[in-house]
Amino acid sequence: MSTTTFPDADAHAPHPFVLQHPILTALALSLGTAVALGVARFSYALLLAPMRHDLGWSYLVAGGMNTGNALGYLLGALVTPPLMRRYAAHHVLIAGAFGTALLTVLPGLFIDTSTQLALRVATGVTSAFIFVSGGLLVSRLAALHGQRAGLLLGLYYGGTGIGIAIAAPTVPAIIAMAATHGAAHPWQWAWLMLAAMALVASIVMALPARFIPAPATQTATQGGWKARSLLFGLLGYLMFGLGYIGYMTFVIALLKEQGMAPARITLFFTLLGLATFASSRLWARMLDRFHGGQSLAILNALLCVATLIPALTAQPLAVFASGILFGGCFLSAVASTTAMVRHNLPQSAWASGISAFTIIFAAGQIVGPTFVGWIADSAGGLQRGLVFSAAALLLGAVLAWRQRAVPRDV
């Protein structure tokens, strides 16, 4: 077989399981996002405060860890398309998932800051393998079930909420247990637990991922679209990446600073994760209806509101409303860009389109945590950092609103 094809072993006839159980297939694929984002990236919010206290980090250094993760994510997004020209998409997905699980073990074995940063970068690379290849596979699944495309995309990205919802109560419990047993660095136990979660999720995901076929004509030819045709969508997504990551990196640390009880913080993050998963059905029709940047614009605007709330008040009900609203929107914003690619590009260009949005997303995430951390180390604290994040999301909403559907001949 020529290396110009995407050589899926199960191409080109759909497996009966994929045809008969699209929801279960999407849920299995969603465990990939649970690993890449829910475990490997966003659970760091639960570990930031204890690691910062134990290792003497400033907010700039703590935020720099997620900047490193985003840098790795960018590198991985650049590498994934050529990988999928050589290997089947499901092979890239499975390798990324097991690689991420392995890399999640290692932070539990080291305390050196430079080593922690290097591991965050490496985990970002493997997470991007999951995200791009999984996004392509769920797009192929959606193409087989067009009437439920928005729901299937939402389920895939909403899987992040599964990881968050499981990690939210278990990470603090594991840290407390480690402290009780006299562990020198209790947060290390939490990393080991997260790695076990990632391994189990990868095993469950692996077989169904193989069932999704590549189209018979799928080739590496990525012509047929120009980046400027989706320019405002890309710019709106850049601002999303820059803005949302500040909230997801620092909101738990902010709640601890504001004196919220640990049990309430656990409940806050659990509800955020559950709202993320539930959002798959909430926004499904909107993702099917709008072919331009309207979905991304609406979700960016709602995320702006959610991000501002904890920057302006520590009132518990308002803060919980912020978490639920944020969880209900932020991964659907990611799903909206995959829907945009499906609506506006030929299927042969889906891989390059998803990769382009992933790259621009990663670029925003590189800037966000470090900049918010730098602001947080100044007099304004974390509240001022979240105001910056909200402003970026608002700008993202304005830019995305200008994106119109691409004419079929573009």
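Q: In this predicted model, what share of the contacts between residues at least 6 apart in sequence joins residues at least 24 apart?
A: The model is predicted. Contact here means heavy atoms within 4.5 Å. Among contacts in the protein chain between residues at least 6 apart in sequence, the share that joins residues at least 24 apart is 85%.

Q: How many helices and how many strands are there in the protein chain?
A: The protein chain has helices but zero strands. The number of helices is 17.

Q: What radius of gyration does the protein chain have, and what would a compact globule with 410 residues have?
A: The C-alpha atoms fill a box of roughly 55 × 40 × 35 Å along the principal axes. For 410 residues, a compact globule would have a radius of gyration near 22 Å. The protein chain agrees with that, at 20 Å.

Q: What percentage of the 410 residues counts as buried?
A: A residue is buried if its relative accessible area is under 20%. Of the 410 residues in the protein chain, the part that counts as buried is 60%.

Q: Is serine 133 buried or exposed?
A: Serine 133 lies in helix H6. Apart from residues up to four places away in sequence, serine 133 touches Thr80, Met84, Ala89, Val92 and Leu93. Its relative accessibility is 0%, so serine 133 counts as buried.

Q: Are helices H2 and H6 roughly parallel or roughly antiparallel?
A: The axes of H2 (residues 22–39) and H6 (residues 113–144) come within 9 Å and cross at roughly 165°. Angles over 145 degrees count as roughly antiparallel. Therefore H2 is, relative to H6, roughly antiparallel.

Q: Is the crossing of H15 and H16 left-handed or right-handed?
A: The axes of H15 (residues 330–344) and H16 (residues 350–376) come within 9 Å and cross at roughly 145°. The crossing of these two helices, H15 and H16, is right-handed.

Q: How many residues in the contact of H15 with H16 are charged?
A: On the H15 side the contact is made by Val334, Thr337, Thr338, Met340, Val341 and Arg342. On the H16 side it is made by Trp350, Gly353, Ile354, Phe357 and Phe361. The contact has seven nonpolar and three polar residues, and the number of charged residues is one.

Note on methods
Residues numbered from 1 in each chain as written. Predicted model: local features only at pLDDT ≥ 70, side-chain atom pairs only at ≥ 80, totals over all residues. Heavy atoms only, no water. Axes fitted to C-alpha atoms, helices over the stretch in contact; angles between N-to-C directions. Helix = DSSP H or I, 4+ residues; strand = E, 2+ residues; numbered from the N terminus. Parallel < 35°, antiparallel > 145°, perpendicular 65-115°, else oblique. Rg over C-alpha atoms; globule rule 2.2 N^0.38 Å. Buried < 20%, exposed > 50% of the residue type's maximum accessible area, 1.4 Å probe, protein only. Left-handed = near helix turned anticlockwise from the far one by under 90°. Nonpolar A, V, L, I, M, F, W, Y, C, P; charged D, E, K, R; others polar.
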